[in-house]
Amino acid sequence: MTEALLAALVFLPVLGACLLLLAPASWRAAILLVVTVPLPFCLLPLTVLIADAGLFEMALAGHPAPLGIRWRLDALSLLILWLNVSLMILVGLAASARFAPASVEGLRFWPLWLLLAAGIHALLLSADLFNLYVTLELVTLAGIGLIATGGSGAALRAAMRYLLLALMASLLYLLGVGLVYAEAGTLDLYQLGEALEPGLLSATALVLMLAGLLVKSAVFPLHAWLPAAHGNAPGPVSALLSAIVVKVSIYIIWRLWFWTAGDWQLPAPGLLLGLLGGGAILYGSALALVQKRLKMVVAYSTVAQLGYLMLIFPLSNLLAWQAAGYHLVAHGLAKAALFVAAGNILVSLGSDRLRRLAGLDQRLPMDVFTLALASVSLMGLPPSGGFVGKWLFLQAAYEQGAWGWMALIALGGLLAAAYLFRVLALTCFHPRSHGHSTRLREPPTLASLAGLLLALAAIGLGFASAPILGLLEAAWPGAMAP
Amino acid sequence: MNLAVDMLIGAGLLVLAWQTISGRSLFRGIVLFVVFGLTMALAWARMGAPDLALAEAAIGAGVTGALMLVAFRRLVRIRPDQCAQPALRRSRLAVPVAVLAGGLVGVIGLAVVAVERDPALAGLAVTEALTDSGLGNPITGVLLLYRNLDTLLEVAVLLAAFLAARTVFGEDESRPPTPARREVPLVGALLAIIVPLTILIATHLLLAGSREPGGAFQAGAVLAASGVLLVLAGRLQPATALSAGPAFGLTLGLMLFSLVGLAVMAFGDPLLALPGLWAVYLIETAMMLSIAMTLVLLFAGASGLRRSGP
């Protein structure tokens, strides 16, 4: 039964994508509903199972590793699965307003959307390095196709740049996987821990895989492709890309670091990764402060916020782990809300230049409210989900007496407040002459509502911390010392 | 003697790679890339990997080359000035990237020399398990029986790649249809010989895949060649709408693979445990058709195809 539930998570979207291409236009909306609505109901019994047993493994095709591929569900993958399914549904609602399933644009958009979902689900379940590579490819290519559905010249250029860098990253990762296999003779993420000895070959392999994954997750200073890609894609696509797509490769880094190489003592490389994260926070926030377009502010904010996910490497204890996991989910919801709202504003104004946002709070109250709520979570103000994540980070740093990291985390929050308040201030600024008050298309109510729900979820996450922190504690590999 | 051949191939690869990227014109670079692919196929064959050699020749050199040439033809039409340029602009990053890549090759070489090679666990397991399966080719065994989720997802990747490419095909109606050159009598006769022959070779590659080198990917690439010929000869015309036939071809492999893999669960077997050799052949045939359809559509730069002529 559990096997069937896991299979449904991957194969419902796959079959849905095929059916969308085959079925008549009028059936497409129904197909989308049939393959998305059951997903949360698949996750419910799995959550109960993981809360009890902590872990579920299955050998695909009945062949155990090292011969075959394993799927392995634990609390961490379950948490990110929940995030992805929630995003697929809520952001999907917003997207359905823009890409009507029965239209020609809908036929371009939705099959890629479902393939992206299938790729993310397969990635989160897989326990095999090469299988992870294939799922990463699926996620990347579907993501690039979705960026290109934006259709503008800027979107196509950004998609192309992303494609070239992502392919290079894939090759680096694949080269690393090949070297790992040459040494260990197995590709199973968890068996490798025993088979792989620290040495020149395994170190080279890990560095190559890390480099590829860092490019894919746009960690500073390898983030060059992200702002253009996320800033020019259609709103719902940007939401998904920033909220989950860049994070699944960080998820793989976590797996490699804490599970495969869990017994290795790597304080210096951990510190380096943490410094990259610190650089990302400062650089991304600084550039977000000077952007002229709303979506570019949000895109650079993603560069900054991804930095927090790297702080787990130097801090490296249970609190930091819970903080990073919590931040991943909270940022996912808040960023998706921001991008959906920004997309709505862009569609109704025809531009997202910050200068033109003046007085928007009266004209698009719901979207501006979404913007404000999501900003509260991103800045880390209580009682939002973002607050819990940053508070735990501060606690983790305080416990270890890591004053430098504490200062960085606090500064990051201040900078986030600065660039988000700058946007909100411009939005609520009322000039005397209403120069731009003509030409305003109401965004579809469904899209605004979806954004609001995402923002409320990001805030509400702050009240639901106990079960999520419990899940994260269960997922903590624990074996390694700080 | 063998060493001399290997060194010749190795040196040839380096020279061809250099020539490809430093070529004086884009067209020259594309042609050299195809030659590079064929030489690479030779190298794989010398290293005792005939499956890879076949795939490299059919996909790496053949289909990729055709796709690049067709892209070049469109570039000539849109931006004639770019194609006529004597030299490609060299990026400022070229030298640092080359130095890094060279350093990487050195480190990997050192690391590989240093490691003691144990027999690979997974490789041993494959040869052990293969005797029970009725398959003779370990690669087909790995692709279709032991690690078939990889293969299934690869087919999904191919579909995603096509769909991503399709977003930029656009509703480009301005493109003149390829002229049907029915007035040339030889084209018809040539097609009448080559197309059935290609289909025969593709079928052979597919069936041989269970015992010898071959399989769905190579067969699909070869089959695509016949479709490419038909497009070039104007017998198949690109169409902008995704019609039922091509859509069915595109999704057949993924659909059938997923459905068979799921259906076995109803009989109490694990997910994706294929019930027998017949299922392997069935899925490989479907995959071959899907791969061929995807490649032909990419070559035609269109979402659909329609027949023209009698």
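**Exercise 1.** Leaving aside its neighbours within four places in sequence, with which residues is Lys247(A) in contact?

*Solution.* The model is predicted: local features need pLDDT of at least 70, side-chain atom pairs count only at pLDDT 80 or more, and totals for chains, interfaces and linings use all residues. Residues are numbered from 1 along each chain as its sequence is written, and side-chain values use heavy atoms, with hydrogens and water left out.

Step 1. Apply the criterion for contact, heavy atoms within 4.5 Å. With those sequence neighbours set aside, the partners of Lys247(A) are Ser242(A), Leu306(A), Leu309(A), Leu328(A), His331(A) and Gly332(A).

**Exercise 2.** Is Lys247(A) buried or exposed?

*Solution.* Step 1. Buried means under 20% relative accessible area and exposed over 50%, with partly exposed in between (1.4 Å probe, protein chains only). Lys247(A) is buried.

Step 1. A salt bridge requires a side-chain nitrogen of Lys or Arg within 4 Å of a carboxyl oxygen of Asp or Glu. Lys247(A) has none, and the nearest side chain of opposite charge, Asp74(A), is 17 Å away; here Lys and Arg count as positive, Asp and Glu as negative, and His and the chain ends are not counted.

**Exercise 3.** How many residues does the contact take from chain B and from chain A?

*Solution.* Step 1. The contact takes 49 residues from chain B and 53 residues from chain A.

Step 1. One salt bridge is counted between chain B and chain A. The side chains of Asp128(A) and Arg147(B) meet in a salt bridge at 2.6 Å, N to O.

Key: Chains are lettered from A and ligands numbered from 1 in the order in which they are written.
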